[in-house]
Amino acid sequence: MRPLAPPSTTTTTAATTTSSVSPSTAMPAALRAGALAAVGTWSVVVLPALIGWVAAPESSVGWFSAVSVASAIWFLGHGQSVGAGPVAISVTPLLLLLVFVYIAVRWARRLAATERLRVGAGDWSRVAQWGVVPGFVIGYGLVSAVLALFTLGGPATPGVAAVPGSLIVPVAALGFVLLRPDDDTAPAFVRAWFRRGPTWLPSVWRTGWRGAGLLLVVGLVVVVVRLVLSWSAVADVQDQYGANFGALVVIALAQLALLGNTATWALSFLAGPGFQVALGSAITPAAAQPGLLPLVPVLGALPQAADYPAMTYAVVLVPVLVGVWLGRRVEAELEFFGNVRARLAATATAALVAVVVVVVVTALGNGAVGVDRLSAVGVPLWSFAAALTAEVVGGALLLAGALVLIERRRDGRDDEPTSVSPTGTASGTGSEPDSQTGSVADRD
């Protein structure tokens with residue numbers, strides 16, 4: 001027999017402990033973590049800027065100008081536009097944005113682990129929702145406001161909405177850490193959100209993000225292959241600069257930060273709509289019309305003006321195959337027990353999640369890098385979204401529909417009745433199956 005627990009001591013203590021944990025107790029640590037995450041991301045751009053200033057003794061500007069320019073680049077890496085006189089730059093270096101999010105994720109993950117251990121699993125959801133999340137975002141925003149002051153009077157200044165717009169990084173980092181509905185350490189309010197939807201939603205959510213990553217990786221692979229094949233042209237443009245080693249390092253880092261943007265360009269080429277590097281230019285599976293390009297070495301990898309055969313449109317099969325892969329992942333992770341509607345809905349949702357993530361990232365990478373012809377660089381967003389949705393969702397549903405038809409046909413063959421002759425043996429069979437049937441009946 002299990003002994004009875006003490007009547008009131010344990011219960012009273014538990015209630016007292018629960019009521020004593022307030023979300024405000026997590027606010028100081030969350031503010032500190034958010035501020036340190038912002039400082040960490042700022043150091044990624046300010047340290048190279050200061051090193052470049054020291055390595056260029058012929059420069060006539062002071063060190064604070066280098067810090068001011070680095071702070072403006074920091075806002076540019078957060079998806080904000082930066083103005084330098086009449087020139088507006090709004091193209092977000094996607095790889096730099098990814099580095100910022102990664103740094104913020106490290107701080108957010110450490111904060112979440114520490115606070116969950118401190119308050120316990122019972123209070124973690126409330127503390128996370130009302131203490132950790134707002135504190136981390138506010139701490140990041142406070143440092144962002146200070147960095148905006150560094151850009152005043154400098155050669156480049158961010159827009160009026162730069163400070164609230166920079167919060168995209170801490171919000172994305174918290175989403176990566178907390179929005180894990182199938183993880184036991186995730187806050188209860190996150191799991192409650194996902195429970196309002198279908199039971200397959202948590203698995204589909206994870207699969208959709210993996211599909212988005214795969215799509216971007218495919219675009220990046222295309223860019224790398226193109227760079228390798230066109231390296232001589234890229235090197236020829238690089239030689240025209242005649243810059244010293246320090247300047248070449250800065251130019252190389254700037255182009256590396258834009259590598260993610262070129263991955264979205266390549267993905268749009270595979271989807272069909274293509275991309276443009278200046279107004280009036282277009283590179284699609286139908287033709288390449290790059291036009292007059294700025295003197296950027298990486299643009300030397302772009303194809304020359306040419307018309308492509310109709311067979312080039314076969315590249316659209318690449319996003320379709322990614323959709324098939326997504327459908328296969330859904331089939332491997334979930335069992336629908338004959339519910340065809342849920343099966344198709346889950347497959348389509350996973351594909352849509354992947355497409356939405358890629359389109360949002362592509363929208364951040366679009367923008368201007370100057371005036372006139374350079375005022376619109378990137379991907380035609382709406383046509384790209386429509387084409388990618390049709391291809392990825394279509395490929396996923398194509399696999400799901402094919403599997404449903406195969407299973408129904410197999411089940412139909414299994415359910416076919418066997419005709420029996422008056423003698424009690426199966427009709428239409430040979431002598432050997434008759435003898436086997438008889439032996440089974442004898443054993444029974």
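In this predicted model, helix α3 (residues 63–76) and helix α5 (residues 121–150) have axes that come within 8 Å and cross at roughly 135°. The axes are lines fitted to C-alpha atoms over the stretch in contact, with angles from 0 to 180 degrees between N-to-C directions. The two helices are therefore oblique to each other, a class that takes the angles left over from under 35 degrees (roughly parallel), over 145 (roughly antiparallel) and 65 to 115 (roughly perpendicular). The crossing of α3 and α5 is left-handed: the near helix is turned anticlockwise from the far one by less than a right angle. At this crossing, F64, V67, S68, S71, W74 and F75 of α3 meet Y140, S144, L147, A148 and F150 of α5, contact being heavy atoms within 4.5 Å.

The chain has 16 helices and six strands, taken as DSSP runs of at least four residues (H or I) and at least two (E) respectively. Three strands form an open antiparallel sheet in the order β2-β1-β3. Because β2 (87–89) and β3 (157–158) each have a single partner strand, one side of each lacks a neighbour in the sheet. Strand β1 (residues 82–84) is joined to β2 by three bridges, where pairing requires at least two DSSP bridges. V82 has I89 in β2 as its bridge partner.

Of the 444 residues in the chain, 39% are buried, that is, under 20% relative accessible area with a 1.4 Å probe.

Residues are numbered from 1 along each chain as its sequence is written. Local features need pLDDT of at least 70, side-chain atom pairs count only at pLDDT 80 or more, and totals for chains, interfaces and linings use all residues, while side-chain values use heavy atoms, without hydrogens and water.

Key:
Buried means under 20% relative accessible area, exposed over 50%, partly exposed in between (1.4 Å probe, protein chains only).
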